[in-house]
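Here is a short walk through a few spots in this protein, written for reading alongside the structure. Have the viewer open and follow along.

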Amino acid sequence: MYKAANARLLLRSLSSNSAASASVPVNPRLASARLALSRPCGAWVGRSSGLVRAAGWSGTRPRFAGARAQIGAATVPAVERFQRRMATQATEHAFKDILTSLPKPGGGEYGKFYSLPALNDQRIDKLPYSIRILLESAIRNCDNFQVTKNDVEKIIDWENTSPKLAEIPFKPARVLLQDFTGVPAVVDLAAMRDAMAKLGSDANKINPLVPVDLVIDHSVQVDVARSQNAVQANMELEFSRNKERFGFLKWGSSAFQNMLVVPPGSGIVHQVNLEYLGRVVFNTDGILYPDSVVGTDSHTTMIDGLGVAGWGVGGIEAEATMLGQPMSMVLPGVVGFQLTGKLRSGVTATDLVLTVTQMLRKHGVVGKFVEFYGEGMGKLSLADRATIANMSPEYGATMGFFPVDHVTLDYLKLTGRSDETVSMIEAYLRANKMFVDYNEPPTERIYSSYLELDLDEVEPSMSGPKRPHDRVPLKEMKSDWHACLDNKVGFKGFAVPKEQQDKVVKFDFHGQPAEIKHGNVVIAAITSCTNTSNPSVMLGAGLVAKKACELGLEVKPWVKTSLAPGSGVVTKYLLQSGLQEYLNQQGFHIVGYGCTTCIGNSGDLDESVSAAITENDVVAAAVLSGNRNFEGRVHPLTRANYLASPPLVVAYALAGTVDIDFEKEPIGIGKDGKEVYFRDIWPSTEEIAQVVQSSVLPDMFKGTYEAITKGNPMWNQLTVPEASLYSWDSKSTYIHEPPYFKDMTMSPPGPSAVKDAYCLLNFGDSITTDHISPAGSIHKDSPAAKYLMERGVDRKDFNSYGSRRGNDEIMARGTFANIRIVNKFLNGEVGPKTIHVPTGEKLYVFDAAMRYKSEGHATIILAGAEYGSGSSRDWAAKGPMLLGVKAVIAKSFERIHRSNLVGMGIIPLCFKAGEDADSLGLTGHERYSIGLPANLSEICPGQDVTVTTDNGKSFTCTLRFDTEVELAYFNHGGILPYVIRNLAGAQN
C-alpha cells in the first residue's frame with residue numbers, strides 16, 4: 001500500500017499518450033481529475049489514466065491497410081480551465097533531462113529514447129533485464145499523476161523493494177486477444193458503450209487506446225481428419241457454427257478504433273505474435289521504447305522468448321488496459337535460471353520445457369518473473385526459447401524471459417523483419433543496456449533466487465497423465481503407466497483393479513476388426529503454439545513419419561491423428577522439405593490453423609471407438625504436443641492425456657499405446673517382417689538441423705503474412721453494420737447483452753456484507769479454470785443444453801462453450817459444468833452437480849445457485865490449493881459472479897484467476913498456512929459470515945479477516961485484495977463499473 005506522501009490524483013479520461021507526450025506538449029484536451037477519498041490504510045487516492053493514444057505510431061511490422069483508424073478526442077468544455085492548468089504542468093516531463101537521441105549509422109537519427117545509463121545509477125546495472133523494461137516504462141510514463149518519481153525509485157531499488165511486495169503501475173504497449181476471450185471482451189466494450197449512453201455520457205469514449213490485436217484461432221475443431229480436404233471442410237464447419245460470432249468481431253474491428261482482427265484460418269495467436277505482430281521495439285512519434293504486451297490468453301508469455309515482456313491477464317483486466325487504465329502490479333521477484341551446456345542429440349525443446357516446468361514448479365515461482373541467462377543460451381534457437389517461455393503458466397511464473405541477443409536478431413531477419421528495423425532494434429537495446437552480447441564480459445546481475453540446469457542432462461520426456469508438470473522420463477513411461485493403473489484415483493492414478501488391467505475389448509471399425517485396451521492411444525495430435533512454432537520439432541515429426549513409411553509401419557486407422565500448424569509458414573516448410581507427404585501417409589493431414597486439440601476442440605471420436613471406450617470403461621489415452629492435459633480438457637473420453645514433442649506424438653501413434661517401453665519393445669513389425677524399434681525411426685539432431693537449414697526460408701514468412709492481411713473468401717463475404725452501438729438480438733444464442741451494468745448509477749455500491757452465506761461447492765486442490773468454465777463440448781443433459789434446446793437449437797449445432805462465451809445466459813449455465821469436476825458434497829461422485837444445503841437435494845450447480853438466489857441467499861466456495869490454475873478465462877470469474885458467489889476461500893489462488901475474481905467483485909480469501917477446510921472441520925454444510933468492514937477506509941490489502949459459521953466455528957483468513965487499486969474496484973462492484981464511472985464522471 002502507499003505511504004501518505006505517495007497519494008496521487010485520479011486523473012481520468014482524455015490525456016495524450018505517455019510515449020508521445022515526452023517529446024511534444026501534452027494535448028490540452030485533458031480530462032478532469034477526480035479526487036478519491038483519503039484512505040487511512042495508506043492514503044491511496046488512485047492512479048491517473050491516459051485515454052487517448054498519440055496520433056501516430058509505428059511498429060516493426062506491416063499492418064492491415066486501413067485497419068487502425070487514428071483516435072481523435074472531443075474537447076470537453078466543462079473542464080477546459082483544469083485542462084490548461086494540467087497541460088502546463090504535465091509538459092514538464094520529470095525525466096526530460098535523460099531524453100537522448102539515437103543516431104543512425106549513416107547520419108540522422110532513429111528517434112529519441114529515455115536513457116537508463118543517463119541516470120548514472122549503479123543499481124540499474126545490476127537489475128535483471130526484465131525489470132529494466134518495467135523501469136523504462138515507468139520513466140517514460142512518469143507524469144507524477146499516473147506514474148510518480150516514487151514509483152520509478154521503487155523499481156530502481158528493486159533489490160530492496162520487491163521483497164516488500166511494493167506496488168507499481170505498468171502501462172503495456174499493446175494488448176493481445178484470441179477469439180474465445182476476445183468475443184466477451186468486445187461484448188463488454190459494446191455493453192459499456194450502452195452504459196455510458198444511459199448515464200448521459202459519450203459512448204465513443206469506450207475505445208481501445210493502445211494497439212489491440214485479436215487473432216481468431218480458438219474456433220476451429222477437428223471434425224474432419226485423415227483427409228486431404230480437412231482444412232477446407234473444417235473451415236466451412238467453423239464458419240457455419242460461428243458466423244454470428246465472426247460477424248460480431250468484424251463489426252468490432254470497424255466500430256472500435258485501434259483494433260486489428262486477424263481472420264480465421266491464419267494461425268495460432270501466439271505464433272502469429274511471435275512471427276509477425278511482435279515489434280520488440282516501438283517507434284511512436286519519434287520516441288523509441290521496448291515492446292510489451294498483456295494478453296487474454298495465459299500463453300501470451302510465448303513472446304518472452306523474443307525478448308518482449310508479455311504475460312497473460314484476465315479479460316477484465318485487459319479491457320481496462322485497453323481503456324487506458326495503468327495496470328497496478330506487485331513488483332515481482334526474479335528467479336535467475338542459468339543454462340549451461342547443450343542438448344544431446346535426439347533431445348527436443350519439448351523435453352527441455354517439461355524438465356524446466358518440473359524444476360520451476362518445485363522451486364516455486366508463482367507471481368515471479370523467471371529470467372534465463374548463461375552460456376547455454378547461445379545453444380538454444382529462438383524457437384526453443386519460445387517453447388520454454390510459452391509454458392510459463394504451467395510452471396507458475398508471470399514470465400519466462402529471454403533477453404534480446406544475436407539469436408533474437410537472426411530470428412527477426414528470418415521472419416521477414418526489415419534490415420533497417422532490426423538495426424534500429426539492436427541500436428536502441430544496446431544504447432539502453434537491454435541487449436546481451438555474449439562476446440562481451442558478462443555483467444553481474446542480482447536475482448531473487450537462482451537455479452541452474454545443464455542442458456546435457458535433459459532426457460526425452462512426457463508429462464501426464466493429468467497435469468503438465470508431472471514429467472515422466474520416456475524410459476520410465478511403461479512402469480509409470482502401470483503405477484497409474486494401480487494407484488487410487490488422483491493426478492497419478494486410475495484405480496483399475498489388477499484383474500481388469502489387461503482386458504482387451506474387440507470391436508468392429510467400419511468392417512475391420514479392431515481392439516482396444518487400457519492405455520491405447522485414440523488421439524494423436526500435433527497441435528499447440530508451444531510446439532508448432534518450432535521448425536526443429538515439426539520437421540522432426542516429419543522425419544519420424546518418413547522413416548516409419550520407409551520401414552513399412554502404419555498408424556492404426558482408429559487412432560484420430562491430426563496436424564494443426566500455428567501458421568501457414570509451417571505448411572510451406574513441410575511441403576518444401578517433402579515431409580508432409582509422409583505425415584499424410586500416417587494420417588497426420590493438416591486439419592486447420594488454430595489451437596484445436598490443445599484446447600479441447602478435438603472433435604468426435606468414431607462412434608465405434610467411443611462405444612468401445614464407454615461401454616467397457618477403458619482408460620483411453622491421448623498424446624498431444626500441447627501445453628495442458630487436465631482431465632476432461634482434451635476429450636471427454638480420454639482419461640489419460642500426455643504432453644509430448646511432435647516426433648513423440650507420431651511415435652506413440654505408430655505404437656498405438658502408452659503401455660510400451662521404447663528401449664526394449666518394438667513399435668511394430670516392418671514390411672520385411674522384422675521388428676522396428678524406436679531407435680530405428682528417431683532422427684538425430686544433425687538430421688533435423690540439415691532439413692531446417694534447407695527448408696525454413698525468410699520468403700515463407702513474408703509471403704504468409706502479406707497474404708494474411710487479405711483475409712479469406714469466407715471472412716471477406718461477411719457483411720456487418722457500421723453503427724457504433726451494437727444492435728443486440730434478444731434471440732441470439734451467441735451474442736447477448738450482459739447484465740453487469742443493469743440499473744447502474746454514478747454512485748459506487750461500496751463493500752457488500754457476506755452474512756449467513758451457504759457453500760455452493762466444496763473443492764479440494766487444483767480446481768482449474770477448465771473445471772470452472774469449460775471450453776469443451778456442451779453435454780446433452782446440462783442446463784446449457786436445455787437452454788439451447790428451448791430456443792430451437794439442435795444438438796448438432798450446440799458448438800462448444802468456448803464459442804458461446806459472448807452469451808452470459810449460456811456461460812452462467814456452463815459454470816462448473818465440467819463432467820470431471822470433484823465436489824466433496826457428492827462423496828466421491830464426479831460431475832457438475834452439488835447439494836442444495838437447506839433441502840439436501842442434489843441439483844446441477846446452476847440450478848442450485850438459482851435456487852439460492854431466489855431464496856435471497858448469498859453463496860461462497862471452499863477450495864484447496866492452486867484454485868483457478870490453467871487458462872486465463874474471465875468467465876471463470878464472471879460465471880461465479882452471475883451465480884451469486886460472493887467469496888472464494890482457498891488455500892491458494894492462481895495469479896490471473898485471483899485478479900479476475902477481484903475484477904468481478906468477488907472476495908478472494910486464503911486460509912492461513914497449514915489450515916484448510918478439512919483441518920478446520922468445515923464440511924460446507926455451515927452458513928458463513930465474513931467479517932469485512934462496511935467502510936472501505938477500514939479495509940487494507942492483505943489484512944486478516946475473520947470468518948464465522950452458524951455452528952460456532954471461527955477462523956482467520958488473509959484478504960487477497962493485493963493492492964489499493966483492487967480495493968477501489970471492489971468498492972465499485974468490479975473493474976468495469978469503476979472504469980465507466982470514472983470516464984462518465986470525467987465528462988460530466
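This is a predicted model: local features need pLDDT of at least 70, side-chain atom pairs count only at pLDDT 80 or more; totals for chains, interfaces and linings use all residues.

## Strands, helices and one buried arginine

Let's start with a strand pair: β35 (residues 944–949) and β36 (residues 954–959) run antiparallel and are joined by five bridges.

As a reminder, strands of a sheet pair through backbone hydrogen bonds, either parallel or antiparallel.

Now for some helices. Helix α33 (residues 964–972) is mostly covered, with nine of its nine residues buried. That list takes in Glu964, Glu966, Asn971 and His972, as well as Val965, Leu967, Ala968, Tyr969 and Phe970. In helix α19 (residues 568–577), the buried residues are Gly568, Val569, Val570, Thr571, Tyr573 and Leu574.

| Helix | Residue just after | Phi |
|---|---|---|
| α19 | Gly578 | about 80 degrees |
| α33 | Gly973 | about 85 degrees |

Next, a helix pair. Helix α11 (residues 349–363) packs against helix α12 (residues 382–390) at an angle of about 35 degrees, and their axes are 9 Å apart. The crossing of α11 past α12 is right-handed. On the α11 side, the contact is made by Ala349, Leu352, Val353 and Val356, while α12 brings in Asp384, Thr387 and Ile388. Sorted by type, the contact residues come out as five nonpolar, one polar and one charged. The spacing is handy to think about: an α-helix has 3.6 residues a turn, so residues three or four places apart point the same way.

Last stop: Arg193, in helix α7 (residues 179–198). Is Arg193 buried or exposed? Arg193 counts as buried because its relative accessible area is 0%, and the cut-off for buried is under 20%. What is Arg193 in contact with, leaving aside its neighbours within four places in sequence? The contacts are Ala203, Asn204, Ile206, Asn207, Ala255, Phe256, Ser724 and Leu725. For a sense of scale, Arg193 and Glu615 are 422 residues apart in sequence, and their C-alpha atoms are 51 Å apart in space.

Methods: Residues are numbered from 1 along each chain as its sequence is written. Side-chain values use heavy atoms; hydrogens and water are left out. Helices (H or I, at least four residues) and strands (E, at least two) are DSSP runs, numbered from the N terminus. Buried means under 20% relative accessible area, exposed over 50%, partly exposed in between (1.4 Å probe, protein chains only). Contact means heavy atoms within 4.5 Å. Axes are lines fitted to C-alpha atoms, for helices over the stretch in contact, and angles run from 0 to 180 degrees between N-to-C directions. A crossing is left-handed if the near helix is turned anticlockwise from the far one by less than a right angle, and right-handed if clockwise. Ala, Val, Leu, Ile, Met, Phe, Trp, Tyr, Cys and Pro count as nonpolar, Asp, Glu, Lys and Arg as charged, and the others, Gly among them, as polar. Two strands pair if DSSP finds at least two bridges between them.
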